[in-house]
Amino acid sequence: MGADGGTIATRSDMVRTKDLDERPDYDAGERRHALWTLCRLSKHPLEAPVMADALGQLYNKDSLLEYLLKRGAAGASETEQRVAGHIRGLRDATSITLTKNPAPQRDEDGTQYYPYACPLTGRPMNGKHNFVYLRCGCVFSETGLRNVAAPKKGNDERAECPQCSAPFSAVFEPRDIECDITWINPSPETQSIRRDLLATRKKRKARTDDKARDSRARPARPARPAKATGDDHDHGHEHAPDATSAESVHAAQTQTAENPKEPTVHTG
Ligand SMILES: [Zn+2]
């Protein structure tokens with residue numbers, strides 16, 4: 001932290017570098033307010049563009065970018081690593097669209113202010129209602145989304161986002177990381193299960209990538225230059241004569257240069 005180099009950490013620096021778990025001075029209300037209105041990394045108020053990760057944690061995009069740069073240079077703090085260590089690039093988070101709370105509410109004690117709400121039900125995003133986001137980035141209260149996107153008939157789970165019409169699978173399963181619906185700030189238990197699943201998926205992917213690399217490294221069958229890459233066979237045939245003629249032209253040129261049999265090349 002700022003201890004070396006003679007800088008003095010201010011109280012607000014301390015607050016910003018600590019994660020919620022490291023703030024025993026926070027009461028439940030302060031903790032809830034921080035979870036639902038502040039960037040998890042910078043502790044600045046959430047302001048568009050906002051991103052959410054697979055654990056349902058919220059970030060300001062610029063703070064996430066800053067973290068990724070620091071991480072690349074091995075300069076991210078332990079706390080930051082603990083919060084966002086599973087994020088390796090922007091693709092590991094989703095840009096989300098938060099809806100302004102039409103009647104911005106203060107908490108019962110009048111001190112905490114919640115600026116976002118569900119566009120379907122108007123419920124404030126204050127940690128007292130479950131909220132979810134879809135792959136398209138639209139954010140709803142769970143109740144609101146269930147009301148409009150409950151599977152219509154049988155086990156048909158296909159649904160359309162009520163805000164942007166993007167198709168999604170209406171499977172409401174908070175602990176399944178493959179689902180299209182992700183809970184924002186779910187329970188610590190759910191978050192921990194999702195964290196483990198993400199780690200398992202990463203390991204599995206790394207193994208698959210290794211295998212793919214091994215098979216690429218092995219000597220393959222001789223390449224066939226006339227073979228088109230796509231599965232469109234007509235194009236394959238169209239390309240074949242081109243490739244062949246290009247090769248024969250090149251071969252002819254090489255041969256001419258190496259064996260100047262033509263009398264015209266003599267210059268004197
Ligand atoms: Zn949407």
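Tutor: Two strands count as paired if DSSP finds at least two bridges between them. Strands (E, at least two residues) and helices (H or I, at least four) are DSSP runs, numbered from the N terminus. This is a predicted model: local features need pLDDT of at least 70 and side-chain atom pairs pLDDT 80 or more, while totals for chains, interfaces and linings use all residues. Residues are numbered from 1 along each chain as its sequence is written.

Student: OK. What's the bridge partner of V50 in strand 2?

Tutor: N60. Strand 1 and strand 2 run antiparallel, joined by 3 bridges.

Student: And what strand order does the open sheet have?

Tutor: The order is 2-1-3, 3 strands with antiparallel pairing. Strand 2 and strand 3 are the edges, each pairing on one side only. From one strand to the next the twist averages 35 degrees; axes are lines fitted to C-alpha atoms, for helices over the stretch in contact, and angles run from 0 to 180 degrees between N-to-C directions.

Student: Which helix packs on that sheet?

Tutor: Helix 3, which touches strand 1, strand 2 and strand 3 (contact: C-beta atoms, placed from the backbone, within 7 Å). Its direction makes about 85 degrees with that of strand 2.

Student: Which residues of helix 3 are buried?

Tutor: S63, L64 and Y67. Buried means 20 or more other C-beta atoms within 10 Å of the residue's own, exposed means 12 or fewer, and partly exposed is in between, with C-beta atoms placed from the backbone. The three cover an arc of only 100 degrees around the axis (taken from the directions from the helix axis to the C-beta atoms), which puts them on the same side of helix 3. On the other side, L69 and G72 are exposed.

Student: What covers the buried ones?

Tutor: The cover includes strand 1 (50-53), strand 2 (58-60), helix 4 (78-84) and strand 3 (93-96).

Student: Changing topic: how many residues are in the largest nonpolar core?

Tutor: 36, with Y59, V132 and Y133 having the most contacts inside it. Strand 6 (residues 131-134) supplies the largest share, 4 residues. Such a core is a set of buried Ala, Val, Leu, Ile, Met, Phe, Trp, Tyr and Cys residues joined through C-beta atoms within 7 Å.

Student: What does Y59 touch?

Tutor: Leaving out residues up to four places away in sequence, its contacts are C39, R40, L41, V50, M51, L64 and A93.

Student: Last one: is helix 6 largely in the open or buried?

Tutor: Of its 30 residues the number buried is 1, so helix 6 lies largely in the open.

Key: Contact = placed C-beta atoms within 7 Å.
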